[in-house]
Amino acid sequence: MTETRPTGRTSRRALASVAAAALIAGGAIGSGYLPAATPAYAQALPKSPIEAPEHPPGSFAGIVNKVKPGVVSVKVKLDDSASSDDDDGPSQGRNLQNVPPQLREFFKRFGQNGPGGMQPQHQGPRGAVGSGFIISADGYVVTNNHVVDHAKTVQVTLDDGRTLDAKVIGKDSKTDVALLKITEGSNFPYVQFGKSAPQVGDWVVAIGNPFGLGGTVTAGIVSARGRDIGAGPYDDFLQIDAPINKGNSGGPTFNVNGEVVGMNTAIASPSGGSVGLAFAIPAETVQAVVDQLRTDGKVARGYLGVQIQPVTQDIAEGLGLDKAKGALVDHAENGTPAAKAGLKAGDVIEKVNGDTVDSARELSRKIAGLKPGAKVELSYLRGGKTDTATVTLGTMPTDGTKMASRDDDSGNGQPRLGLQLAPAGDVGLSDQGVAVVQVDPDGPAAAKGIEAGDVILDVGGQSVSRPADVATQIRAAESSGRKAVLMRVKSGKGQTRFVAVSLNKKAG
């Protein structure tokens, strides 16, 4: 059985975790990017005792013999909280008590009885089965957060058949990484992280515990890099075509040198089984997260304090940019590092410490990959001119608090004017800006999300308070030869966003 995520009308993504029979993994997917770092504890450990024997050309046997002793199966007994929320109950003809909350929501939405269309049944204590790999001789084990989330007890089964108790040292839901420690024994065989990222087309070998069949080996190539599958705020997956199935979650992906280059986490599948679309968290992400988990038991991420949205082609034209790149600052939260450094709405962040920022999501990953207190130099565009600011990052708020960094696709359309406007103060909507009083329901503005009750705060980077101000800024944009004008709009719910308005209609 597997956890699935919808990808459209006929396909869904599945966590590559878990279970024989009724054992289903709990927890949420997360993934992301953190910079590569060699864990301090790993530097002091002896070289891996695993040695690869000779093997014939074209065979993966040598790699497998080298690394297989360092791969484990992970078995978890879940606490009651793993099944207490949002249970459909028997009234709807389903028994989803063993299914994690986010998976239950999918089944509710699509009317399925269980993973793979099968009915989950009670068969003893609730549990989960996944995979993992040992990264040090003293017994530290890496796996997915969703494998051990809500764990009451954890056991790992080694390649030599021993089953040993383990404890959870730390978890990070945003990257879906967890660190365990075997509580008995020592001098374990272990595997090592790769020193460089794999390239598209490189051979990889995956070893794990699919369907509870431990020690299973599959091979394939890296199909793509940098995949965003909507699993979390820092998606940066490797896509591989090595067959991955339920129970492979947390298992390693190796290169031909026997080094870990990824951790298997998710699959895209209409059936729940492998169709050659598997996703692994890059090793540099896993390694950096594990380093913090071992040291602090948690992960602290850098915090800039801006709401951001993508720079679409329309927005680029409205700003006079040649290419749709960078991250557009929607709003800088008061008192945050960004606000203290002078960043404002309308700025386009183009570089972080000299590295180009291609998208809003990439900015999120770069900032989250830095530690609180780090000083970074941001290069940004404002009013057609490039400037820089030095920012001392804060600590990202924990779950449950307001996040001041987001990717927002709400400005992706091409809204055009054709609106009835009035000073916002005259209609009691706001103390500033121009209110949208009426929208033609058959016009392009309505189709693109502009609604009565929205407030236009500025046009072309200039604050507006009267409908005439809006028209003036539009004429100025037309005179400069721009195809679109950028507007900052506040919705009736209080959220602000930038929209690029095509200039093939005049203000109404």
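Let me begin with strand β9, which is joined to strand β12 (residues 252-254) by 2 bridges, the two running antiparallel; strands here are DSSP runs of E of at least two residues, and helices are runs of H or I of at least four, numbered from the N terminus, while two strands pair if DSSP finds at least two bridges between them. This is a predicted model, in which local features need pLDDT of at least 70 and side-chain atom pairs count only at pLDDT 80 or more, whereas totals for chains, interfaces and linings use all residues. Residues are numbered from 1 along each chain as its sequence is written, and side-chain values use heavy atoms, with hydrogens and water left out.

Within β12, Phe 254 is the bridge partner of Val 205, and in β10 Val 205 stands opposite Ala 219. β9 pairs with strand β10 (residues 216-227) over 6 bridges, in the antiparallel sense. Because 5 of the 6 residues of β9 (residues 203-208) are buried (under 20% relative accessible area, with a 1.4 Å probe and protein chains only), the strand is largely enclosed by the rest of the structure.

Turning to the lining of the largest pocket, its residues divide into 8 nonpolar, 13 polar and 7 charged, where Asp, Glu, Lys and Arg count as charged, Ala, Val, Leu, Ile, Met, Phe, Trp, Tyr, Cys and Pro as nonpolar, and the others, Gly among them, as polar. β27 gives the most to this lining, with 3 residues, and the elements that each supply at least two include α6 (313-319), β20 (375-382) and β28 (496-502).

Key: Buried < 20%, exposed > 50% of the residue type's maximum accessible area, 1.4 Å probe, protein only.
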